[in-house]
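Subject: Handover of a structure

Dear colleague,

Please find the structure below, together with its sequence. A short account of what was found follows it.

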Amino acid sequence: MKPHQITAAAPPRKRRRRLGRGEGSGKGKTTGRGTLGQGARSGGNAYPGFEGGQTRLLMRFPGRRGFTNHRFRRDFQPVNVGALNVFPEGSVVGPDELKGKGLIEPGLFKILAGGDLDHALTVRAPKFSAAARAKIESAGGSVEELSE
């Protein structure tokens with residue numbers, strides 16, 4: 001390498017383009033925004049997906065229709081029937097027993113049909129799936145639905 005081949009290091013980052021600083025800058029007057037109209041003004045397009053007041057593409061598809069009741073939604077913690085095998089035969093299994101074994105947190109829960117029950121239990125819960133109810137009763141146990 002020869003001394004005349006040495007060049008200065010590139011700047012650490014590209015300088016931002018200064019808009020509206022005279023016609024000689026190449027980005028004066030309308031600053032690359034075209035002329036007039038909503039897009040030329042600050043805040044141009046109201047939000048991503050805005051189509052000038054026309055119904056947005058997202059809203060035109062049926063998947064976006066309907067209503068989801070987030071405010072009053074009730075979330076149930078799932079407890080599978082197979083998890084109830086940790087309790088001895090003939091015992092009564094309710095919310096306190098399930099909390100004691102760490103199977104649920106405080107709150108609503110629902111007994112689901114995952115797994116198999118090996119012995120008879122009396123299960124007390126706010127909700128049961130139909131298949132879970134059938135599995136508990138076929139094992140010789142009973143089901144008690146609690147008020148929420």
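The structure holds 0 aromatic pairs, a pair being two rings of Phe, Tyr or Trp (its six-membered ring) with centres within 6.5 Å, counted as stacked if the planes are under 30 degrees apart, as edge-to-face if over 60 and as tilted otherwise.

This is a predicted model, in which local features need pLDDT of at least 70 and side-chain atom pairs count only at pLDDT 80 or more, while totals for chains, interfaces and linings use all residues. Residues are numbered from 1 along each chain as its sequence is written, and side-chain values use heavy atoms, with hydrogens and water left out.

One ring does have a charge over it: Lys101 lies over the face of Phe87, at 5.8 Å from the ring centre. The criterion is NZ of Lys or CZ of Arg within 6 Å of the ring centre and within 35 degrees of the ring normal.

Turning to the sheet, 3 strands form an open, parallel arrangement in the order β2-β4-β6. Strands (E, at least two residues) and helices (H or I, at least four) are DSSP runs numbered from the N terminus, and two strands pair if DSSP finds at least two bridges between them. Because β2 (92-93) and β6 (142-145) each have a single partner strand, they stand at the edges, and one side of each is left without a neighbour in the sheet. Strand β4 (residues 122-125) is joined to β6 by 4 bridges, and Val123 stands opposite Val143 in β6. Helix α2 (residues 130-138) lies across β4 and β6, at about 140° to β6; axes are lines fitted to C-alpha atoms, for helices over the stretch in contact, with angles from 0 to 180 degrees between N-to-C directions.

Ser91, in the loop between β1 and β2, is buried, with a relative accessible area of 17%. Buried means under 20%, exposed over 50% and partly exposed in between (1.4 Å probe, protein chains only). The side chain of Ser91 reaches the backbone oxygen of Pro88 at 2.7 Å. Leaving aside residues up to four places away in sequence, Ser91 touches Leu121 and Thr122, contact being heavy atoms within 4.5 Å.

Arg21, in the segment before β1 (77-80), is exposed, with a relative accessible area of 53%. Its side chain reaches the backbone oxygen of Leu19 at 3.1 Å. With the sequence exclusion of up to four places again applied, Arg21 touches Lys27 and Gly28.

Yours sincerely

Note on methods:
Polar contact = N/O pair within 3.5 Å; in protein donor to acceptor, adjacent residues only side chain to side chain.
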